[in-house]
Amino acid sequence: MKTLKQAYYFYLFAMILSVVSCRDPFYPEETNLNLNYLVIEGHIDTGGEESIIKLSRTGSVFNESTGSFEGFILETGARLNLISEQGSSWSFSENSPGNYSLQAELPSNTAYSLNIILRNNQSYFSEFIRPIDSPPIGSLTFERKEDGVSIYVNTQGTEDAQYFLWQYEEDWIYRSPFNTFYKYIPENNEVEFRTLENQIYLCWNQNRIPSIVLENAGRFAGRRIERQEILFIPEGSEKLSQRYSILVKQMALEPKAFTFWETMRKNSQDIGGIFSPLPSFIESNFNSSSEEVVSPTIGYLSIGKVSFDRLYIDLQEIRPWRPIIEDYLGCRVSNDTITSDDFEIRFGIGGSMPVEAVYSDMDIIGYFGAAARCVDCTLRGGTTTKPEFWTD
Amino acid sequence: MNSVRVLIFLSFLILCSHFSMAQTEQGPLISGLFPGISFEAFAKRIEKEHQYQIYFLQEDISEIRVNISARENTLGQVLQSIFEGTDLKYFIDERNRVFISKESPLNIGLAKDFFDYLKKNESQEAETIRLSDTERAFSRNKLYVIGERIPGQQKARLRGKITGLETGNPVFGAIVYEKTDYLKSISNEVGEYDIELPVGRHTLFIQNLGGFVEQRQISLQSDGILDIAIEENIISLSEVVISSEKISNIARPEMGVQKLDMKTMKRMPMVLGEVDVIRSILTLPGVQTVGEASVGFNVRGGAADQNLILYNHSTIYNPSHLFGLFSAFNPDGVESVDLYKAGIPVKYGGRLSSVLNVNGSYGNTEKIKVHGGIGLLTGKITVEGPFDEKTTFLIGGRSTYSDWLLDLLEENTDFKNGRAAFKDFNASVSHRLNDKNMIKLNAYFSDDSFQFDRDTVFGYQNKNFNLIWTHYFNEKLEMDLIGGIDHYNFSISRRNNINQDFDLGFDLRQDFFKANFRYEIHRQHKLDFGINNIKYNLNPGYISPFGQESLISEERVNTESALETALYLGDEFEVSDRFSVNVGARYLIYQYLGANTARYYLPGESLSPATLVEERTFGRNENIHTHHGPEFRISGRWMIGNLSSIKAGYNTGRQFIHLLTNNAAIAPTDIWKLSDNNIAPQWADQLSLGYYQNLKIDKYEFSVELYHRNMSNLLDFRSGGTFLLNPQIEQDVLRTDGRSYGAEVMFRKNVGRLNGWISYFYSRSLLRTSSLETAEQVNGGNWYPNNFDQPHNAVVIGNYSWTKRLSTSLNATYSTGRPITLPVAKFMYGGSERIYFSDRNAYRIPDYMRVDMSVNIEGNHKIRKLAHSSWSLGVYNLLGRRNPYSVYFTPVNGVLQGYQLSIFARPIPFISYNFRI
């Protein structure tokens, strides 16, 4: 409701005042400092799935954004231990820089604290947190709209689990414009048949940026959350050009953790508009036991069983769907025959790929080629390996 | 004799300073014996024997006996010896004319200009003015003999009524004083004054606040009555443009009172040329705002909800149109505005920092008049006048007449169906039943609505109505009974989206009853006492689906009601001529009433679902919780000499209704909340000290005021807190202490072609989360600046009258930029880059500076002309300085970029036309 209100205000105001108002760049000098606060992010799944804790440092506000975790200073070489109230302990392993992983079934009738010892021996520990198990996801649905496809989650909150956080992973199939059964081998300057395993026509791509969606079931009659939009895929997106899959993870939070996420979301949105809320202080449930650490820690750990559900959407369910992909503009198969004399120039250096064989009687005398970007789907970030979970 | 009067009048007009010596002169020498003859006889003899013409007033010299022996003395020497020990002065011009006047000698040097002036201006208009000036001169210098001499009587009481010369309306707040002992009286609401003076000759000065100093010569023999008509709207040679308190400023026992009259406000350059009450008071020292587009104003470091805004006794909860670009008062219905920053009269209460009293007019008593005007956005019309001898009325309306501003936008933006409109309506009727009873009625209505697309309409309304019965029991005791309803609501409705359609809103209604008494027990003691009752009914918010298909779930926060009762008693005690005190107290009883569900929490714990112990349901009008306590109002004045004074004051206040906002500015969707069993009333005290001095016969006035204020139980929002549609608001607020202090210096020139004021004030306003608060400590529990903490402020208001009809006004404002919370770091979380903010309000936006200019052209002032018209044109933000209103950050190509948003970023010209029939 709040955002609705603010959005209205902002637009309305902008409308009225844009006649006379104006926007100028503003460069605060004082804020170009590097605070280097520790950032701890993660949810610990007691249900036995892998839990990841990410450790990084804050950066300067005016650093160029990379939009990725790796763009920040990562806290590597730390030791992480999860300790239960009963005294049991589980340790994490660093599976990539700044990413610490734990996979364990954890009893849910006790409280846990995460202890972190950094490489510089500064130590941090979370409050003891009681796990909140998420109820199973009711269903995932989608709706074809005029301008795209919305994906919804439906779920039933309980007395314990009322505040929900959803994250998702997307995977989808896409194709290159031209299939090919041929492959140029530069070593011997020949074109060979391409095996099915080596096909480059069909790819899987994925999105693992954990966007977040929040909702409070207490707002709804019977704590029933219906048609909570997880994601909107705009018209023409390549994601839905063949078959698409989304894995939704549902976590139940305690109220303070929920407030933390809400605050962070608000702080990142519409700040500084005419009627924007003032930025709020971000709380953390981490403390430091090292005396020399006086700076705040950012992050709010939550623990509990995570519910998963997966939804597939096929092209035929949402037709018509016409993706427009810039990389494929101007793709065509050249109609000049490339003979073996030209293989090296055209396929080796020229960036073309053989697409179609040209026969004379029963012999291949050459090939029609096309630009590699129009043939090889892996050039656009995907992989030809079918993900393990994928079902057709 | 007539010419003598005119000349003597001139002496009063022109005198700017006291002359202790008359001009030395050469002329015929006088010899002879004048043995105890009357001055009249002496004058006759001098005129006969020499070429002198002597002008004097009979009354002035009636008691003079000439008893001298002259031997070749100049007339000057002779007169000096005759007038020794009296206040008579003489002046001899080069044509051997002798002018005898009281107190000051005639200064002919300037009078010469005046003759030239009179000669040159032979037009009809000039005739009119001269005539009226002459008439005024007559009453100013005529000696009124009052009563019959009673032997042995030392003192006598003079009473009477002060009315407006033009309107015939009683003048409230005019000061009647004389300058020898500085005895004074202030006229009450029906224009009556009462002054006790020593028997004998006096010059009485009558000073209307914001008006002209009128005077009367009286010879007071015994108790009597003198009614006085004075100018309210002044078009004259010595017009006073800027309202002033002058003598009252130094002599009034209260402090921290500012008054602006409509005339001053009309001359100020304003956005889009709309005369604006609230924007005008922003030019006064101690008054601030967070920005150009905010509804509220801040007085002495108090929040915007701590101002009680009264429009003829009606509380206006949202005094603005269009997000605060305009204030909600039609200027044609307003007479004047009083702002009480410290010495809030004991009859007012309920808000901590100030009372803004907007005095609406009840209409002209003489004839029906029509005022109107057209500005760039609005048109307005007001009709006022008498129904009959006993009844007067004023009805006014104002409305936007065009969406041109938005139409203009349509051409280059996506806001196709945007609309914004507002209107307001005010009506006041006054009826005199008989000499002892009077009834007044006030109604006010304002409506704002706007939409930025076809589907969503936003609106808010004020509705106010009240009835006042004034009764005079006798000359000493009077009573006002006031009853009324104040209503405020806002709503958002969404349509045409089938399953998203809803109605959302908030409303607040208060029914009030006030009984105010004023009892003058004794000349030294004036008592104010009475009882005020307010019944609040507040609907904190609802959202309901619209239409069958809507998926929006109905939500309704329980309505709240409360009864606030205040009993008060105040005494205006004149201890001596020099020393007076105002002592007052209010006792407040506030009952939070059902029907409602009260929530009880673990004592000493932060209020959260976890610490909720019990919920108890109460029936209708059942008392849930009572808050009660006293408030004090104490102020004193000590006169130092005749022209300066020192004042000190201490007052406390309690406030039971709170505006909840998590914006820097007040947004129209901010909601009010009543104190309940979890939210304690706000409390504040203020200590203030002031020094006041008037210079050059009140031409200049100078004041310095210092203050310090403590506040507690203020409400700040918790991180992530929301207020709209929140049924447990107490879980989203932080109890906060406040502290503000500052100094206000003002230098004002009230008369002359160039008038205006310069003020500087230093003002700090700080907050600190209460140490009792366990939920969260903003900035680690340290003091942090309030959103409107702008320490240095300076205002220059200047007005120069080129002619009687053409004047120019210049208005310059400077203030330190307001505090802001800036992003200081970014980090990755939840898959996105997030911003980490500095401590609350740790930085400031750039300083604010603006210069505005306007030219006011009055039509001519023939009294019997059909319509008077005036034009006002000017430029707002003349320098085009881009004063930032807010600063925000948004990523541009992946890099966070800061922007400052300026609202009136370039010079905004305006023009408006007003007429009066």
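My cut-offs for accessibility: buried means under 20% relative accessible area, exposed over 50%, partly exposed in between (1.4 Å probe, protein chains only). B:Leu806 comes out at 31% relative accessibility, so I log B:Leu806 as partly exposed.

Housekeeping: this is a predicted model, so local features need pLDDT of at least 70 and side-chain atom pairs pLDDT 80 or more, while totals for chains, interfaces and linings use all residues. Residues are numbered from 1 along each chain as its sequence is written, chains are lettered from A and ligands numbered from 1 in the order in which they are written, and side-chain values use heavy atoms, with hydrogens and water left out.

Next, salt bridges (a side-chain nitrogen of Lys or Arg within 4 Å of a carboxyl oxygen of Asp or Glu). I get 39 of them over all chains.

I checked A:Arg130 with A:Glu85 and found the closest N and O atoms 3.4 Å apart. This pair links distant parts of the chain, 45 residues apart. A:Arg130 is partly exposed at 48% relative accessible area, and A:Glu85 is partly exposed at 46%.

Then A:Asp336 with A:Arg346: the closest N and O atoms are 3.1 Å apart. I note 34% relative accessibility for A:Asp336, partly exposed, and 25% for A:Arg346, also partly exposed.

In chain B I looked at B:Arg509 and B:Asp511, whose closest N and O atoms are 2.8 Å apart. B:Arg509 is partly exposed at 34% relative accessibility, and B:Asp511 is partly exposed with 24% relative accessible area.

Last entry: A:Glu169, A:Asp171, A:Arg208 and A:Lys249 form one network through salt bridges that share partners.

Terms used. Helix = DSSP H or I, 4+ residues; strand = E, 2+ residues; numbered from the N terminus.
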